[in-house]
Each structure stands twice: as C-alpha cells, then as structure tokens.
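Welcome, and thanks for taking a look.

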Amino acid sequence: MTFAPPAAWLARRPASSGRWLGWLPAGVVCAGAVAVFLWCGVSARDLAVFAAYLGTGVALPGTLLWRALTGGGRSVAEDVAAGLALGYAVEVLAYLPARAAGAPLLVLVPSAGVLCAFACVPRLRRHWRGGAAGERLPAWCAWALAAVVAYLITWSTLNLYRVPVSAAYVDLPYHLALVGEVKHHVPPTLPSVLGERLSYHWFVYAELAATSWVTGIEPVTLVYRLATLPMTAAMVVLVAVLGRRLGGSWGAGVAAAGVAYFLLGPVLQEGVVFTTRPMFTAWASPTQTFGALLFAPVVLLLLTGGRLLTGGRGCWVALVVLLLALTGAKATFLPLLLAGLLVVVAVRWAVERRVPGAWLGAAGITLACLLVAQFVVFGRGAQGTTIAPFATMRGLWGLVTGVTAPELAAVPVTPLLVLTVVHLFCLLCVWGGVAALGRRALEPSMSLLLGMGAAGVGAAVLLGHPSDSQLYFLESVRPYLSVAAVCGVAGRRVPWAMVAAGAGGALLAAWVEVPGDAAVRVVVPYLVLVVVAAGVLLWRRGAVLAVVALLAGYAVPASARELVLRVVPEGREAEIPAGALRAGRWLRAHSSPGDVVATDLHCRPVEAPGCDSRHYWVSGFTERRVLVEGWAYAESTLSRAELFVSPYLEVPFADPVRLAANDAAFRTPTAENVRRLAEDYGVKWLFTGMNPELGKYARLRFRNESFSVYRLTTR
C-alpha cells in the first residue's frame, strides 16, 4: 500500500513551496551542525570562512564541472555531493604544484577559472540551473538521510567535538602533524622522523593544508572539528543515490544508506567481534573518509554514467581526475576497483562472447593509477601490509582463547578455518540480500559491486597488518555490498509470515546463552542458525527473503546495542599536558618551516610494555620536522614488525645511533652532545620539559608551566 497527499492539497500547493520544503531537512541539519560547532568552541569567524570557502571554492566549481562533464545527475543533491568530491579532487591536484612552487594560494586559480568560465561562456551557463532530469528528493527520503547525518553528528559531537584536544583519539596528533608537513613541504616526509619517507595516503592532508592557507583556520580546528563532516554527509547522499539508481526507488536508496551505516554483524561474546567493519571512522581515519567520498562518484560514473561506457569524453575526464586524486587519497580503493572491473570483463566475455572495450579501458586506467600510487606516491612501501592468510582470525582466536604472542603465531590452521567460515556467515547476516540477486548478478552493475565486495572480503581474510589495517579493505566495500544486498530484495514479493518468523527466530537466538568454553559459545549458535536457514529453504523452495530476514534478524540486537553505545561518551584521560599547545604555537611563530626540532618526548604516557611511540603532538603543534619524536607509523618500523611475534608498538627505533645522540643531549647535556645535534643533524631548536641544565649550552627562548624551548647556536 502506498500513501499520497490528497490531490486537492497538491493542487493548492505552489510548486516553489515544494522546492523550498525539499531543502528543509538539509537546512535543519546544517543549523544543528553550526550550533554544535559553536557549542564546541569553534569561532563564528572560522565557521563562516570555512563554509564560504567550501561552498564557493570547492563544492560550486566541482558541481559545475560535474554537470558539464557528465551531464549532471537526477537531483540537485546528487550533483552537489558528487560535485563536492570532484571539487576536492581538483583542489588537491592544484595544491600539489602550487605548494611545490612556493605559492600555495595558487590553489584558488582553478576554482576561480571555473566560476569565470561558467559565468561568461554562454553554452556553459545552463549548468548553473542543474541537469535536465530535475528529479526531486522525496520529503520523507530527505528527512531520513538527514536523520542519518544527524546521528553521525551526534556521535562525533560526544566522542570528538566536545572532547578536549588533550584527550582526543590517539591518532589525531599524527593526522595533525601530517597537515603541518604538507602545509609547508611538497613532496612531504614523515614529520616525526627527520628524513623518513612518507609511505602513506596523504592527499587529504593536502586538502586540509589548502583550506588552512586560504581561510586562515588553524589546522587543529580543521582536524579535530570541521573538516570531515562535509565529506561524511556527502557520502551518505551518494550511497543513497547509488541505491536509488540501481534499486529503482528512493526507498531502496534510503535502505542502502541504512544498511551501510547501521546494520552491523552479530556479537556472541563481549569483546569478540567477527567484524563487518562499520563506517564509524569518519574522523578517526580522515584518509578513509576522504578516499571513500572520492571513490563513490567513480562507481556512480561506471554504473550509471551512461555516456562513460559509450564514449562520452567528459565522463572519462571526470573518471581520470577522480582516480588520480585517489592514488594518494586512499589507494586501498584502486585494487578493489580493478578486481571489480576484471570481474565485469570476465562475466561479459562469458555471457556475450566479446571483449567489452569500455570496461577494459576503465581497468587499464585503474591499473595505471595503481602503479603510480605504489611506485610514486608510496615508493614501493607497504606500511606493514603483507600476505598473511587468516591473520584477522588469528587475532580473534587470541581473544577467544586467551593465547598471546608469540604462541599465537603457532596456532594450527583448522580452528582458523572454522572461524573464517563463521566470519563469512556474519557478513551474510548483513549482506545476505546478495543471495536474492539471481540473474541480476550477471548485470555489469552488480558484477562490479560483487567483484569489489569479494575483493574486499578476500583482502580481509588473506592480508595481515600489525594494527589490523587490512580491515579497511572490508570497510571500503561496505557501501557497495549494502547497495547490492538491497537491490537483491528490492521489488520482490515479500512472504511476510516467513520473514516475521525468520526474523523473530533470529532475534530470539541472538539472546540465548550457550554453555561451554569461549570457543563453543562463539561457534555453536552460528551452526544452529545454518541448520535453521537450511530448514527454511527446504520447507519452501525459493523463500530467499525469509533466509535474508533470518540472517538480518540475528544481526539486529548487536546493531542496536552498538548504535546506542556509539552515542555514549567515552571517558578519556588527557594525554597531552597543559601548556603543550601554547609552547608548540610559540615555536611555530618563532621558527622557519625548514627548521629542525629535537625533543626527548617519544612515548605516550600510558601503561604498556616498552614504549608506545605513537607520540606526534610536538610535530603536530609546531608544524616543524622533528629529528626523532614518535616512530610507530614509520615505514621503517612497520616493515620490521612480525605479525603475532613482535607487536609494532614494541619495535625499537630503526636508527639507534640517532636516537642515542638525540636523547644524550637531554639526559646528559654537555657542549659536545648539544653541538653534535646542531652540526650532524641540523637541529636548531630543543623542545623539552623542565631541564635547566640545557640552559648552559643552549639559549632559553620560551618556558611555561610544563615545557621549555631552547635555541641552538652554531659557531
């Protein structure tokens, strides 16, 4: 049954009112975001300037280019979201040569050129009005998507925006340090270890650096508050757009966004998660957030661009620009896309017995960009990622059984295979709808989504990383598996009695306590669920939706619990001492970007064996390169970490001679020790705590309640 407003009411309502009412949900969310940021200490000036630059310098030029190159989407929301992604790509690709040339404000030239061209060239002016289709987002759909974004804002507010900088998530000083590095140096190096190659996805930091140059907003405000929210909101819209295009209705689009963000895998035991990798890394991983937004229009072009696969030059230009930006934004997406394209080529060959030239062309461009990423951006570095089958399950086995390294490395394959099967079953609890695709799975669009999804799942199973970063492959394909799962059930006749019975049975099973040890409690309920699902299929052949409901129902309790816990503030103790930000900014103001700083601060103030060297706030607050600060994320560290043998946080610094020389100047200050830092390593500044002995050999320039800054002089 469908519901519609009375015809008489529609006849009386002015058309313009519908247009304005359609923007009301977005306006409410924007007003809420503004109120939140003001409440969390962002100045009105910073908010206004950020919105002005993002709107006129990134989103508007990107939207105009998107419409001109691709013909535009079916709705203004689609054009703006995809245009924002394209605008970001153009901004980053413009900033790199501008910064390398020493004139970072030249990043504004492409945006200004686009706006002038579209204002002055008659045949381009029509793109200010939007695409030909002019489809409106239904009001209920707009409110539903606004609710998704509002939830993400609430989660971010409680766990980041309202959290003091001194107590925020451990990796944020690392991101801040990289913004400072790219703000002053292109090509960049790792700022916390002088001379270390930056084998990492760093283009998002170029975007933040460009924004800081243009607007004058402090990088700490961008990293800890403003920057990732527009990316997150645009991504929600693009997931819904993909669901609407492939599922045939806005209901499918909203469902796709709901599955992508809110349906999570079941949890059988506290602390033991067969992860389906939720998309809650918006601010914890700016690289993932930025890369995901750039990648979504690529998929949109390939699946629904139309002219891309029939020779439209503009669409190919947009594709190349986005893929080039992805090489350094988050190259994780490139092998996934290549795998999906190759699956499409193979399926098209099997079905049509011909080589699909356009798909091969897209695969060739993707491969070229992947090679650029690996050999140019990353310099062949792997950041610790290696082929290690079942590494994810090996770590999970340690949680289940209490086995720790190095014994964990010797766990036999059999239990890992069992846990892998269980993990795959957990994935089906979220994306079981793909089983209902039937012959649609052979369509190019579904082949692409399923090929990328299989590659993401395969990478999570076959690869390993010292900090489980192989799971970003799984997170990267979550939106696209969600779209495919929704398309599998969209438009089908629903056997409601069986769906209700299956979902109810799963909900009940999820709460049943299973006796036995930890391993039994993890595995047995899933085996029971497999038997029940098989029984449903035998009871009524073709009752795929009932099985899908059974699987999803089993995931609902854990999803609901997780979503509630996400908006419960986490208690975090301050790790960064009072006075650190003020000392860092003083040094930034009184030094040059090329100056080198030495510090004796290397380890986080946490109770852990050895040194937790994820210490990055000195380079982050000063925006200067440090001789040795934290080395946990250096390529030279991660490449030496042996999975399940030597945790990467316990790997010592790669150059013990440099570290010894650095620390000697602080622990046993002598004229020789201090002189060596200046002459052998080019150090000009010392950043430390209270160390009055250093005053005998260096000039004290700043001191507050916690820190001192000394200037070295060379003779």
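Predicted model: local features only at pLDDT ≥ 70, side-chain atom pairs only at ≥ 80, totals over all residues.

A residue counts as buried under 20% relative accessible area, as exposed over 50%, and as partly exposed in between.

**The whole protein**

Of the 715 residues of the protein, 55% are buried. The accessible surface is about 29400 Å², and carbon and sulfur atoms supply 65% of that area. The fold contains 29 helices and 9 strands. Among contacts with a separation of 6 or more, 76% are between residues 24 or more positions apart.

**Aromatic pairs**

The structure has 22 aromatic pairs. Two of them are set side by side here.

| Pair | Centre to centre | Angle between planes | Kind |
|---|---|---|---|
| Tyr169 and Trp283 | 6.0 Å | 75° | edge-to-face |
| Trp617 and Phe687 | 5.9 Å | 75° | edge-to-face |

Tyr169 sits in the loop between α8 (139-161) and α9 (172-184), while Trp283 sits in the loop between β2 (272-273) and α14 (286-304), so this pair ties together parts that are 114 residues apart in sequence.

Trp617 and Phe687 are both buried.

**The sheet around β5 and β7**

Phe687 leads us to a sheet. Standing opposite Phe687 of β7 is Thr599. In what order do the 5 strands of the open sheet run? The order is β6-β5-β7-β9-β8, with mixed pairing. At the edges are β6 (625-626) and β8 (699-703), each of which pairs on one side only.

Strands of a sheet pair through backbone hydrogen bonds, either parallel or antiparallel. Strand β5 (residues 596-599) and strand β7 (residues 683-688) run parallel and are joined by 4 bridges. Within this pairing, Val597 has Trp685 of β7 as its bridge partner. Helix α28 (residues 656-667) packs on the sheet, where it touches β5 and β7, and its direction makes about 65° with that of β5.

β5 pairs with β6 too, in the parallel sense and over 2 bridges. There, the bridge partner of Val596 is Arg625 in β6.

In a regular strand the side chains alternate between the two faces of the sheet. β5 can be read with that in mind: Val596 and Ala598 point one way, Val597 and Thr599 point the other way, and all are buried.

How does the length of helix α10 (residues 203-215) compare with what 1.5 Å a residue would give? Its 13 residues should span 18 Å, and the end C-alpha atoms are 18 Å apart, which agrees. Since 11 of the 13 residues of α10 are buried, this helix is largely enclosed by the rest of the structure. Among the buried residues are Phe203, Val204, Tyr205, Leu208 and Thr215. After α10 comes Gly216, which has a positive phi near 80°.

Helix α18 (residues 391-401) is mostly covered, with 8 of its 11 residues buried. Those buried residues include Met393, Arg394, Leu396 and Trp397. Just after α18 there is again a glycine, Gly402, with a positive phi of about 85°.

**A closer look at Ala177**

Ala177 lies in helix α9. Its relative accessible area is 2%, so Ala177 is buried. Which residues does Ala177 contact, leaving aside its neighbours within four places in sequence? They are Pro191, Tyr616, Ser619 and Gly620. Ala177 and Tyr205 are 28 residues apart in sequence, and their C-alpha atoms are 9.3 Å apart in space. Tyr205 is one of the buried residues of α10, which brings us back to the helix discussed above.

How values were computed: Residues numbered from 1 in each chain as written. Heavy atoms only, no water. Expected span 1.5 Å × (residues − 1). Buried < 20%, exposed > 50% of the residue type's maximum accessible area, 1.4 Å probe, protein only. Contact = heavy atoms within 4.5 Å. Areas by Shrake-Rupley, 256 points an atom, 1.4 Å probe, with all protein chains shown as cover. Pairing = 2+ DSSP bridges. Axes fitted to C-alpha atoms, helices over the stretch in contact; angles between N-to-C directions. Phe/Tyr/Trp six-rings, centres within 6.5 Å; stacked < 30°, edge-to-face > 60°.
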